[in-house]
Amino acid sequence: MHDTHGNIVYLFERECSIQRRHQKVVEEAPSAILTPEMRRAMGEAAVRVAKACDYVGAGTVEFLVDVNRDFYFLEMNTRLQVEHPVTEMITGLDLVELQIRVARGEKLPFTQDDLKINGHALELRVYAEDPMNNFLPSVGTLNRYRLPHGPGIRVDGGYEEGMEVPIYYDPMLAKLVVHAANRSEAIQKMKEAIAAYEVEGVSTTLPFGRFVMDHEAFITANFDTHFVQHYYTPEKLIESHKPAAEVAALLALNLYLKEKDQLKVAEREASHWGRRAK
């Protein structure tokens, strides 16, 4: 973020390696693999990029990191990115408001030393895509569309129940964002938010998001941009859902048996009173 008064800051980093077809699906901030020294070096490099082209406003500088933890400049996007909410969650800043204020000629109300990372944030892009069919777009009517709510849960979207999801536009329905004190708690909160997100009428990337949250490679931050190629198949997605499905089936069976027993008791009582009435 750079204003017209010579003030420039970096707002830390975002990890965006979980992708399909080179498009991001899961993002987080901060990265789980960066050291404080690497974070500072990367941030200062981003500042130099912006200064080199006299850039003003909010921008996103992207880097690639190799297996040796060396980073390389990829590109600069002269705008906010889809995943900017995770930065907002860990910094407490409204980036949309700030870029408007900078465009109006106002000074940034803080310096680099004022900025601190608060907790951990995750974002899942909820696309109307079928993860069982190579993530192809899924179209239809949102017969049921209920969003998760609660502390640390944020949903940015533009769809409501009953709306049509067409084939003509980007298939993203919403951005599901969570924030917690640390990464493990954020992963757990994302799982709970995914479970509470109700969609009927189209397929979405919600099941894939749960697959990622459960995967050991993601939990241990031992992954790269080839996560889907290395770890994901529709069959593995089905397999990952089997335990939950079995638990749900057992609960349903238990409830059915309890209701059946209660019905038998009620029938016996009704029969007993009927005999006494005679």
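Reader: Where is Glu62 found?
Author: Glu62 is found in strand 3, residues 60-65. Strands here are DSSP runs of E with at least two residues, and helices are runs of H or I with at least four, numbered from the N terminus. This is a predicted model, in which local features need pLDDT of at least 70 and side-chain atom pairs count only at pLDDT 80 or more, while totals for chains, interfaces and linings use all residues. Residues are numbered from 1 along each chain as its sequence is written, and side-chain values use heavy atoms, leaving out hydrogens and water.

Reader: Is Glu62 buried or exposed?
Author: Glu62 counts as buried because its relative accessibility is 16%. Buried means under 20% relative accessible area, exposed means over 50%, and partly exposed is in between (1.4 Å probe, protein chains only).

Reader: Which side chain does the side chain of Glu62 make a polar contact with?
Author: That of Lys24, at 3.3 Å. A polar contact is a pair of N or O atoms within 3.5 Å; within protein, one must be able to donate a hydrogen and the other to accept it, and residues adjacent in sequence count only if both atoms are side-chain atoms.

Reader: What else does Glu62 touch?
Author: Leaving aside residues up to four places away in sequence, the residues touched by Glu62 include Tyr72, Phe73, Leu74 and Gln81. Contact means heavy atoms within 4.5 Å.

Reader: Switching to the backbone. Which residues does a cis peptide bond join?
Author: Ala29 and Pro30, with omega about -5°. Pro30 lies in the loop between strand 2 (23-29) and helix 1 (36-52).

Reader: What is phi of Arg69?
Author: Near 65°, a positive value in a residue other than glycine. Arg69 sits in the loop between strand 3 and strand 4 (71-77), and at 39% relative accessibility it counts as partly exposed.

Reader: Now the helices. At what angle do the axes of helix 4 and helix 5 cross?
Author: Roughly 155°, with the axes of helix 4 (residues 183-196) and helix 5 (residues 206-214) coming within 10 Å. Axes are lines fitted to C-alpha atoms, for helices over the stretch in contact, and angles run from 0 to 180 degrees between N-to-C directions.

Reader: Which residues make the contact?
Author: Ile187, Met190, Lys191 and Ile194 of helix 4, and Leu206, Gly209, Arg210, Met213 and Asp214 of helix 5.
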